[in-house]
Amino acid sequence: MTKTSATKSSLHQAPFTDGKAAEAHYEDTVPADAYKLSPGAGPAGPGSLKTPGNTNDKLKDMAPFRADGDGMGLTTNLGVKMAHNQNTLKAGSRGPSLLEDFHFHEKLSHFDSERIPERVVHARGTGAHGYFQVYESLAEYTKADFLQDPKARTPVFIRISTVQGFRGSPDTVRDIRGFAVKLYTREGNFDLVGNDTPVFFIQDAIKFPDFVHAVKPEPHNEVPQGQSAHDSFWDYVSLQPETLHNVMWHMSDRGIPRSLRMIEGFGIHTYRLVNAEGKSCFVRFHWKPIYGTSSLIWDEAQVLTGRDPDFHRRDLWQAIEEGDYPEFELGLQIIPEEDEHKFDFDILDATKLIPEALVPVKIVGKMVLNRNPDNFFAETEQVAFCPANIVPGIDFSDDPLLQGRVFSYVDTQRHRLGGPNFNELPINRPLSPVRNQQRDGRYRLQIDVTANYEPNSISGNWPREVPEAKKNGGFATYPQKSEGKKVRERSPSFADYFSQPRLFWLSQTKPEQRHIVDAFSFELGKVGRPYIRERIVELLTHVDHDLAKAVAANLGIALSAEQLSRKLPKPVNGLEKDPALSLYAQGKQVVKSRRVALLVADGVSGKSVEDVCKALKSEGVHPQILAPHMGVVVSEEGKEIMVDGAIDGTPSVLVDAVIFPDGEQSLKMLEKNGAAKYCLRQAYKHLKPLGLVGEAKRMLKAAGLSEDSQDAGLVLESDAQKLMKPFIEAMKQHRIWAREDKAKDVAA
Ligand code: HDE
């Protein structure tokens, strides 16, 4: 008989009433150290405790019988080695195939079942492994184990996704990005399933299917893919003004990020933190990218959907392979319980952000992504995130959107991953032990041996509840006071739809504002029904007159005097602007890890190339040598230079900046090379820094640009060493916004 089964029967125990009593009671029945977190303990059981857990130990009994893996032989799914894998079994080499070919049947039928349903939203995504580490203990706010010890690393898996498109849709479409992080803590999995905007489109989860139906491709022809530029989306927006705030973010440059390493992540909802004393505060979670925030140019994003539909996925992968590990700092906006009502908006409303200028983001730790998945399907596709996955020390607020999400994710995952046991898949499996009375179902991996009900006496009433405790206790919901009539109503405190969109608009830099106008104009230009376009412009008149006027002008809509004299919302808690809402208002960009193309041909100045590469590498920037052909080019000094890509296969949209090194022969060839000239013109149009060393300034004329085009980002210098300082400075601007008007006049 095992240790716990010898303890007192707990069949007739009174329910626990308070933490202390529970702790005492608990110690009475289970050895005191039973629940010590033992890092080595696998999911099978409590390690130190010799109790019948729900274990896979029985599998060990088979170990002596296992065959040695001999060589790399091919087998069936049942381990039978196969002598043939290229020809089906036939009656004669030209004869009919035979029904007995079990290997053929297995191979084909497994293949036939390879696909699972894609996610109903966020189908297109890419993942990475890494770890999270807190900078200093957050015991003051939370007892969550993974937020206590600055020396401890918690493994993470992250999946960043677009929302609208199908699994094979392009990466660079205008969309919100999902930002889902699974932290495999020693107290169970904590999933922070957020987006790259701090607000959501709707206030109540019951609207989600309507919203998603509206934004997804139109039902009659499944057009458009990966786009919100169509009637049903804008129809919905026009009828649901609560969507407008997230729509502003969506129409801003945030909708077309330069890289998934350069986006912010937001938990959006207000959550609770609870410390060991049971004191709670509200919190909003932020992920701040170490690589800064930056976006693509809209035309560039569209070109990329064809030239490299996997642009973001590839960028993330390459960065990890090259050691430019994406890093995001975790930030918390802490709101003491007593401050819940001190804002002009309701902190339970997910369409409202809490301006950082009002509640600063406290940076508390860092996530580093340092390992690519080994298998896309097993990891990125099968990973199941769920806002219901929280750990002791973290709890929900009454945000009605969050509460609906707690239900929806597990529900969809049962459908998508084929049953209730998806958390046993390697990517979802927690690092902490799993013991309970849940049983069976499709694809059960665990071999359960304890009693399948509680209370029980046949397994020593094991496993049983773990009382709440100051440290490493069981999860217990924060005892928030809650009472009210059952109603289907929205709180009047959710009713203001325009103040925050206005704050967002006013906080943008001039170029960002221009892009928002362009994005509204582009999207609404694709809307066939004029009355939908008019209703959106009407909504914009409540946000800002300049914005509404500019969009209306592009759509050929005349605004009435009443629309133009509409009273605008007042500042949010007195705040007119918050630079944290802009991508660019807060200063320079990080150049490390960016890519610069050097266009060369035979006869290029080797010294020029060397100087450029040296200067770039010293900033952590990756030079890419592009030439009319693959292989090598021979410099004017007679040295071979390895080519990284052919110019026509590596368009300028794949890099952040372009340099033409010096060298008479090389330039003569490039002046006649259409792809090289196109590269220069396209990079100019996309506002990228350009460097022309020495005689390379001739390329301007060849590309149909003039020396008048010169600006802070079009750097002409007699030698590479002189060029690199201003060139790197220009790269720190990310794009040369001052060029934008001039660039519009240049033909594509
Ligand atoms: Fe989701 N969402 N969502 N969502 N969501 C899903 O779950 C849902 C919402 C988010 O990479 C689905 O497993 C409802 C807000 C991300 O696997 C589904 C509501 C935020 C991902 C679902 C919301 C998100 C999802 C589809 C309204 C940001 C991708 C597949 C209450 C805070 C996770 C799946 C991944 C995925 C439901 C609103 C983010 C259908 C009902 C708000 C990042 O269950």
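The ligand's iron atom gets just a single donor from the protein: the OH of Tyr409, 1.9 Å away. Donors here are N, O and S atoms within 2.8 Å of the metal (3.2 Å for Na, K and Ca), and water is not among the atoms, so sites may look incomplete. Tyr409 sits in helix 9, residues 400–416. Helices (H or I, at least four residues) and strands (E, at least two) are DSSP runs, numbered from the N terminus.

Keep in mind that this is a predicted model, where local features need pLDDT of at least 70, side-chain atom pairs count only at pLDDT 80 or more, and totals for chains, interfaces and linings use all residues. Residues are numbered from 1 along each chain as its sequence is written, and side-chain values use heavy atoms, with hydrogens and water left out.

Now for a histidine. His515 belongs to helix 11, residues 510–525. Is His515 buried or exposed? It counts as buried because its relative accessible area is 10%; the cut-offs are under 20% for buried, over 50% for exposed and partly exposed in between (1.4 Å probe, protein chains only). If you skip neighbours within four places in sequence, His515 is in contact (heavy atoms within 4.5 Å) with Met251, Asp253, Trp737 and Glu740. With Glu740 there is also a side-chain to side-chain polar contact of 2.5 Å. A polar contact is a pair of N or O atoms within 3.5 Å; within protein, one must be able to donate a hydrogen and the other to accept it, and residues adjacent in sequence count only if both atoms are side-chain atoms.

Next, a pair of helices. Helix 15 (residues 606–618) packs against helix 19 (residues 720–731) at an angle of about 35°, their axes 9 Å apart. Axes are lines fitted to C-alpha atoms, for helices over the stretch in contact, and angles run from 0 to 180 degrees between N-to-C directions. Which residues meet here? Helix 15 brings Lys607, Ser608, Asp611, Val612, Ala615 and Leu616, and helix 19 brings Ala720, Gln721, Met724, Phe727 and Ile728.

Helix 19 also holds Met731, which is buried because its relative accessibility is 3%. Leaving out neighbours within four places in sequence, the contacts of Met731 include Val591, Arg594 and Pro689.

Thr293 is in the loop between strand 7 (280–289) and helix 6 (298–307). Thr293 counts as buried too, because its relative accessibility is 12%. A polar atom of the Thr293 side chain lies 3.3 Å from the backbone oxygen of Leu583.

Most residues other than glycine have a negative phi, and most peptide bonds are trans.

The bond from Val223 to Pro224 is cis, with omega near 0°, and Pro224 lies in the loop between helix 3 (208–215) and helix 4 (231–239). The bond from Glu454 to Pro455 is also cis, with omega near 0°, and Pro455 lies in the loop between helix 9 and helix 10 (499–506).
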